[in-house]
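Let's walk through this protein together, one part at a time. Keep the picture at hand and look for each part as we come to it.

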Amino acid sequence: MLDIKPRDVQVALIAAADTTILRSRTWDRLKFEVEYSLQRGTTANSYLIKADKTALIDPPGESFTETFLHQMQESLELQQLDYVILGHVNPNRMVTIKALLELAPQVTFVCSKPGAIALQSALREYQNLLKIWLPRAEDTLYLGNSHQLQFISVPTPRWPDGLCTYDPATRILFTDKLFGCHVCADEVFDDNWKALDEDRRFYYDCLHASQSRQVEVALDKLAAFSAKMYAPGHGSIVRYSLSRLTHDYRTWSQQQKEQDLTVALIYASAYGNTATLAQAIAKGITKAGVGVETINCEFTDPAEIEAAVQKCDGFIIGSPTLGGHMPTQVQTALGTVLSTAAKTKLAGVFGSYGWSGEAVDEIESKLQDAGYRLGFDTIRVKFKPDDLTLQQCKESGTDFAQSLKKSKKFRTPSQPVSNSQIDRTAQAVGQVVGSVCVLAAKRGEVSSAMLASWVTQASFNPPGLTVAIAKDRAVESLTHTGDKFVLNILKEGMNVRRHFLKPFAPGEDRFAGLDTQDAENGCPIINDALAYLECTVKSRMDCGDHWLVYAVVDNGKVIQSTGMTAVHHRKSGSHY
Ligand SMILES: Cc1cc2nc3c(=O)[nH]c(=O)nc-3n(C[C@H](O)[C@H](O)[C@H](O)COP(=O)(O)O)c2cc1C
């Protein structure tokens, strides 16, 4: 059993004597959402500004209600709390908000207009108490002592009610879902920001790559403020790497815009479950080098949906089932799709349901009746997904992207040299050989494997090796820094290679039918292999269409004393 520290709320002053962070910390995985899958824990950051008036920014979700309110009461008489500012309103936060209202009925909530609608509908029983203030662009909120708060609306498909807050007194920009990462640690600030690179990129890829157009608009708006710190909703405060991270967000968003193929991912989600599936599917698509335009049809007008559907190369529709049907907005969007999208466009369907799931069936049959081809088997998930379902969603997204690339005969941009020169160069690169291995990885319940021959020893001390892993491989998501894997080195003439050459369905067990045993690190050893190495990932380097993973060998064994290592000889360096 791993010794995991208990959840707590860490409190620290972050500016002058009146701005405090309350970090609701969890050291283990908080939720089954794709952005938490690296399992480094997280912090739900709330902020308290105490001047003549007092404001709390972003109370945490229900996993922390009790500990958080207890901690708040240590810092403040709750009857003195004047404002609760909400960067976004979600169902998960409502338990804490209701408990706060019981203790501090005098508070005024500050949020965006879509946030207010969500708040009013979730707090019907507090209708008589509820005070909400909706700041317009030019409005400020004066708390005293130079804290003249400004508000910036930053709507995105996932958080249509997004609101950032700027405090000129401290030059802190409270950025909620922007510039965060899911890592739990004692450090409040990003002193060691280099070590956060991988997690920040992962967080962006999971949450923002599929809404990069709106993120760019948000970045433009935020650039008008001369912030010296970003105070995000998760992870450490961005103090030392502010310009670097802003630049990274610009670059990553630009990269999304430059993709040759795009998928319109159209969905609605009343309670967040379908949105969670959408996020995992989007991650699977973007990691395969295809862009995603996410459309939350509850907040998008039909003309915009029509334009996106016309422009896209494929579309995917997601819906919950409510009262035996899809929500009206999905119905309208489906009508737009059916009347707009060329029949040659690849389609996909997914959704969360409770017991009957009519919405997903209806969307699927309407698309099929209209003659659309589906890029993956329709995904139906009862209530919340688990980790295996999320993996299946990611792999379905990747399959969808790969089908699109194939059907569009997608080519990498031509190089400024003649075809014969390319052929000669590719032939030469093809003379590089590597051992044929099966890389088998497991994290929690999720395992995967792939055939790997771009493998080489990289260091004596510590004993280390590198493996190049294509970005669209399923196993890629299990080979982040800190992950464990087993490298099974195959023997010449054995059939294991053939087993791994066949295509696998999303989420399919890669080891079914093979003779395996668990290594000490929990990953599968293939008993027919010549030898195996148990490894821990130390770092990974972005190399165009591959990740180059450097791992340290923790231990290993030769299983068969006779036989030769299988070697992969190729005619060309332009494919495996
Ligand atoms: C008011 C209401 C009505 C529902 N009606 C149905 C239904 O008719 N059939 C069904 O399979 N699930 C039904 N459900 C369950 C939802 O489909 C399920 O909670 C799903 O996870 C919601 O997805 P979402 O979080 O994306 O909104 C209903 C849920 C609620 C709250």
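The C-alpha centres of domain 2 and domain 3 lie 33 Å apart. These belong to a division into domain 1 (8-255), domain 2 (259-407) and domain 3 (419-568), with bounds that come from an automatic or database domain assignment. You are looking at a predicted model, where local features need pLDDT of at least 70 and side-chain atom pairs count only at pLDDT 80 or more, while totals for chains, interfaces and linings use all residues. Residues are numbered from 1 along each chain as its sequence is written.

How many residues of domain 2 are in contact with domain 3? There are 14, and they meet eleven residues of domain 3; a contact here asks that the C-beta atoms of two residues, placed from the backbone, lie within 7 Å. On the domain 2 side, the touching residues are three nonpolar, six polar and five charged. In this scheme Ala, Val, Leu, Ile, Met, Phe, Trp, Tyr, Cys and Pro count as nonpolar, Asp, Glu, Lys and Arg as charged, and the others, Gly among them, as polar.

UniProt, in an unreviewed entry, places the feature "domain: Flavodoxin-like" at residues 263-401. Its positions are given in the numbering used here, feature names are shortened, and annotations may be inferred rather than shown by experiment. The span 263-401 is 46% helix and 22% strand, and its end C-alpha atoms lie 8 Å apart. Helices (H or I, at least four residues) and strands (E, at least two) are DSSP runs, numbered from the N terminus.

Next, find a pair of helices. Helix α1 (residues 65-75) and helix α2 (residues 94-103) have axes that come within 10 Å and cross at roughly 40°. Such axes are lines fitted to C-alpha atoms, for helices over the stretch in contact, and angles run from 0 to 180 degrees between N-to-C directions. The crossing of α1 and α2 is right-handed, meaning that the near helix is turned clockwise from the far one by less than a right angle. Thr 65, Phe 68 and Leu 69 of α1 meet Val 95, Thr 96, Ala 99, Leu 100 and Leu 103 of α2. This contact has six nonpolar residues, two polar and no charged.

Now for the sheets. Strands of a sheet pair through backbone hydrogen bonds, either parallel or antiparallel. Here two strands pair if DSSP finds at least two bridges between them. Three bridges join the antiparallel β8 and β9, and Leu 141 has Leu 149 in β9 as its bridge partner.

Between β8 (140-142) and β9 (148-153) is a loop that holds Asn 145. Most residues other than glycine have a negative phi, and most peptide bonds are trans. Asn 145, however, has a positive phi near 55°.

Another open sheet has seven strands in the order β21-β20-β24-β27-β28-β23-β22, with antiparallel pairing. The edges are β21 (446-452) and β22 (455-459), and the twist from one strand to the next averages 35°. Seven bridges link β21 to β20 (residues 437-443), and Val 438 stands opposite Leu 451 in β21.

What kind of peptide bond joins Asn 461 and Pro 462? That bond is cis, with omega about 5°, and Pro 462 is in the loop between β22 and β23 (464-470).
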